[in-house]
Amino acid sequence: MTMISPSAIAVQRDTLQQRVAIRLRELLVQGGFEPGSKLNERELCEQLGVSRTPLREAIRLLVAEGLVVLDPGRGAFTPTWSKDDISDTFELLGALEGLAGELAAQRITTEELAELTALQHEMQAAYERRDLPNYYQLNARAHDLLSEAARNPVLRETWKQVNGRMHALRFRSNQDESKWIKALDEHAQILAALKARNGAAARQLLEQHLRRKRDAVLRLNLAETTP
């Protein structure tokens, strides 16, 4: 009889936990949960086709990312954002992405530039189809690749931690079509600056890009909280 080691079981369990976390993250970012909404475990288990144990493990992972908030005795909720929370976090994220862009302009490889170019074409196609979920995934990969290209592990880990909290807000900021096409154009300008190895321009464009995101999110947040 073949024995399965405890470590092998742990790996299988972690793989399921990660898969559930990925799917739940997509639901939280794209599924239209209102700020402060309680996560109904029974409904999510049915929707995701899993038991409560991997769901709860996935929720703990997303708590660490800032996408979910645990309230002892009450359960898991989507976070609420004040105006100051949004402004302060985007301010930090803009500084991090600006620095990443400046460094990437000097350190990015030709292969990475080719991938960014391909992503730009795919984002344009997704916009023309009005496929916001796919556009967002491509957009997220572009920003992730930019942080990799900076070749600064401390910067990258800090960016990942801060950016993880902002996924839902960044997704929703493109639901206004005029903001969406403007963001796409800004990505094209950022790509051009990287190809020109112009670090100062890349930094300025990325900081401006994040300020526009912040302003779009703040307007959306105000509209949703105004009676």
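The following questions and answers set the features of a predicted model against the definitions by which they are named.

Q: How do you know which residues and atoms the values rest on?
A: In this predicted model, local features need pLDDT of at least 70 and side-chain atom pairs count only at pLDDT 80 or more, while totals for chains, interfaces and linings use all residues. Residues are numbered from 1 along each chain as its sequence is written, and side-chain values use heavy atoms, with hydrogens and water left out.

Q: What makes the pair of Y127 and W180 a tie between parts apart in sequence?
A: Y127 belongs to helix α5 (residues 110-128) and W180 to helix α9 (residues 177-195), so the pair ties together parts that are 53 residues apart in sequence. Helices here are DSSP runs of H or I with at least four residues, strands are runs of E with at least two, and both are numbered from the N terminus.

Q: Why is the pair of Y135 and W180 called edge-to-face?
A: Y135 and W180 lie 5.4 Å apart, centre to centre, with 65° between the planes, and they are therefore within the pairing distance and over the edge-to-face angle. Y135 lies in helix α6 (residues 132-149) and W180 in helix α9, so this pair ties together parts that are 45 residues apart in sequence. Y127, Y135 and W180 form one aromatic cluster.

Q: Why are Y135 and W180 called buried?
A: Buried means under 20% relative accessible area, exposed over 50% and partly exposed in between (1.4 Å probe, protein chains only). Y135 has a relative accessible area of 0% and therefore counts as buried; W180, at 5%, is buried as well. Y127 is also buried.

Q: How do you know that the charged end of R130 sits over the ring of Y127?
A: The rule asks for NZ of Lys or CZ of Arg within 6 Å of the ring centre and within 35 degrees of the ring normal. The charged end of R130 is 4.2 Å from the centre of the Y127 ring, and is listed as sitting over that ring.

Q: What makes a space a cavity, and what makes it a pocket?
A: On a 1 Å grid over the protein atoms alone, a cavity is a set of points where a 1.4 Å probe fits but cannot get out, whereas a pocket is an open set with protein on both sides within 12 Å along at least five of seven lines; lining residues have an atom within 4 Å of a point. There are two cavities of 30 Å³ or more. The largest cavity has a volume of about 120 Å³, and the largest pocket holds about 540 Å³.

Q: Which elements line the largest cavity, and which give the largest share to the largest pocket?
A: The lining of the largest cavity includes L116, M123, H143 and L191, and α5, α6 and α9 each give two or more residues to it. The largest pocket has 19 lining residues, with R25, E65, N163, G164 and H167 nearest its centre. In that pocket, α7 gives the largest share, six residues.

Q: Why is the contact of E41 and R52 called a salt bridge?
A: A salt bridge is a side-chain nitrogen of Lys or Arg within 4 Å of a carboxyl oxygen of Asp or Glu. The closest N and O atoms of E41 and R52 are 3.3 Å apart, so the pair meets this limit. E41 is in helix α2 (residues 41-48) and R52 in helix α3, 11 residues apart.

Q: Why are R52 and R56 called partly exposed?
A: R52 has a relative accessible area of 39% and therefore counts as partly exposed. R56, at 41%, falls in the partly exposed class too. The side chains of E41 and R56 meet in a salt bridge at 2.9 Å, N to O.

Technical notes
Rings of Phe, Tyr and Trp (its six-membered ring) pair if their centres lie within 6.5 Å; planes under 30 degrees apart count as stacked, over 60 as edge-to-face and the rest as tilted. Grid points are joined across faces, edges and corners, and a volume is the space filled by probe spheres set on the points.
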